[in-house]
Amino acid sequence: MAYDCYDSLNAMIIAQISDSHIDPESDKLEDRLKDLRRVVDDINNQDPAPNIVIHTGDVVHNGTQEKYDMALTILGDVRIPLHVCAGNRDDRNLIAANFQTGRDVSPRSDFLQYSIDDYPVRLIALDTTSAITNMGDYCRERADTLNRMLAEERQKPTVLFMHHPPFEIVDSKYPFQFEDWDTVTYLAGVLKKNEHVKQLFCGHTHRCSNGKILGIPASTVPSIAIDLRLGDVPEGAEFAPVYQIHKFDGTRFKSKTVVC
Ligand SMILES: [Fe+2]
């Protein structure tokens, strides 16, 4: 079956999904599988079709192969390329083993950061997970890798996708999603030198929110799992999972929340 893509030369459509938290130990397992199925079916029926789907982490709840197998029975049906960044509930090695990633400039690193270079917008997945907490973390090693990736291609607009948002979530009880806010300065230090980074897409908060880091727009999407969702959702979405479509028109992104 042929799918039309947004066809203007420098335009691109990204579908962003997040926080599906597939968990056989939860009494909400069946609901979460249904929520994920509805999202995948909706994305497959989008017209024009998105060029790419990004999942901004927490595919499963406390990653094991069994749980990724379960998630893949549904995510395997996405008909366009799907790329995943690691969330705090994921296992980054299992993410790398089970999903298509991208080009890795530091293959010996413990962190899962990679670039996707095939589209008018370059996408870079960041690894913001911490070895000791569920909150975000960043460090010099990850920042150096990001800096090298960004230096390779300065002409193309670039977006970063990552699990933990590096901006204040003003309407949340938990506005700061990094354990030590100083670690965000590693990321900010890189962004300061790379004006071709146009946008950051994040997950983790399970709610819709918008902010900025050094003037660069950044946002989070609600969790696919309805039982874990926080904050306001669009009218009609009380019992429906949601995700976001980000359309790049050659200059900037316009985002909308899609109710399945
Ligand atoms: Fe998370």
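Student: Is Glu235 buried or exposed?
Tutor: Glu235 has 7 C-beta neighbours inside 10 Å. A residue is buried if 20 or more other C-beta atoms lie within 10 Å of its own, partly exposed in between, and exposed if 12 or fewer; C-beta atoms are placed from the backbone. With its 7 neighbours, Glu235 therefore counts as exposed.

Student: What kind of model is this?
Tutor: Residues are numbered from 1 along each chain as its sequence is written. Local features need pLDDT of at least 70, side-chain atom pairs count only at pLDDT 80 or more, totals for chains, interfaces and linings use all residues, and the model is predicted.

Student: Where does Glu235 sit in the chain?
Tutor: Strands (E, at least two residues) and helices (H or I, at least four) are DSSP runs, numbered from the N terminus. Glu235 and Val259 are 24 residues apart in sequence, and 8.8 Å apart in space, C-alpha to C-alpha. The place of Glu235 is the loop between β9 and β10.

Student: Why is the chain called as compact as a globular protein of its length?
Tutor: The chain holds 5 helices and 11 strands. The globule rule is 2.2 Å times the number of residues to the power 0.38, and the radius of gyration is taken over C-alpha atoms. For 260 residues the rule gives 18 Å; the chain is close to that, so it is as compact as a globular protein of that length, with a radius of gyration of 17 Å.

Student: What share of the residues in the chain is buried?
Tutor: Along its principal axes the C-alpha trace spans about 45 × 45 × 35 Å. Of the 260 residues in the chain, the buried share is 45%.

Student: Among contacts between residues at least 6 apart in sequence, what share joins residues at least 24 apart?
Tutor: A contact needs C-beta atoms, placed from the backbone, within 7 Å. Among contacts between residues at least 6 apart, the share joining residues at least 24 apart is 68%.

Student: Which strands are the edges of the sheet of 6 strands?
Tutor: This open sheet has mixed pairing and the order β4-β5-β6-β7-β9-β8. Strands pair if DSSP finds at least two bridges between them. An edge strand pairs on one side only, and here the edges are β4 (114–116) and β8 (209–213).

Student: Which residue is the bridge partner of Arg122 in β6?
Tutor: Arg122 and Ile124 point one way from β5 (residues 122–125), Leu123 and Ala125 the other way, and all are buried. On one side, β5 runs antiparallel to β4, joined by 3 bridges. β5 also runs parallel to β6 (residues 158–162), with 4 bridges. In β6, the partner of Arg122 is Thr158.

Student: Which residue in β10 is the bridge partner of Ile13?
Tutor: Another open sheet has the order β3-β2-β1-β10-β11. In it, β1 and β10 run antiparallel, joined by 5 bridges. In β10, the partner of Ile13 is Lys247.

Student: How far apart are the end C-alpha atoms of α1?
Tutor: The expected span of a helix is 1.5 Å times one less than its number of residues. For the 16 residues of α1 (residues 29–44) that should be 22 Å, which agrees with the end-to-end distance of 23 Å.

Student: What arc do the buried residues of α1 cover around the axis?
Tutor: Arg32, Asp35, Leu36, Val39, Val40 and Ile43 are buried in α1.

Student: What is the phi of His204?
Tutor: His204 is found in the loop between β7 (197–202) and β8. His204 is buried, with 26 other C-beta atoms within 10 Å. Its phi is positive, in a residue other than glycine, and near 75 degrees.

Terms used
Two residues are in contact if their C-beta atoms, placed from the backbone, lie within 7 Å.
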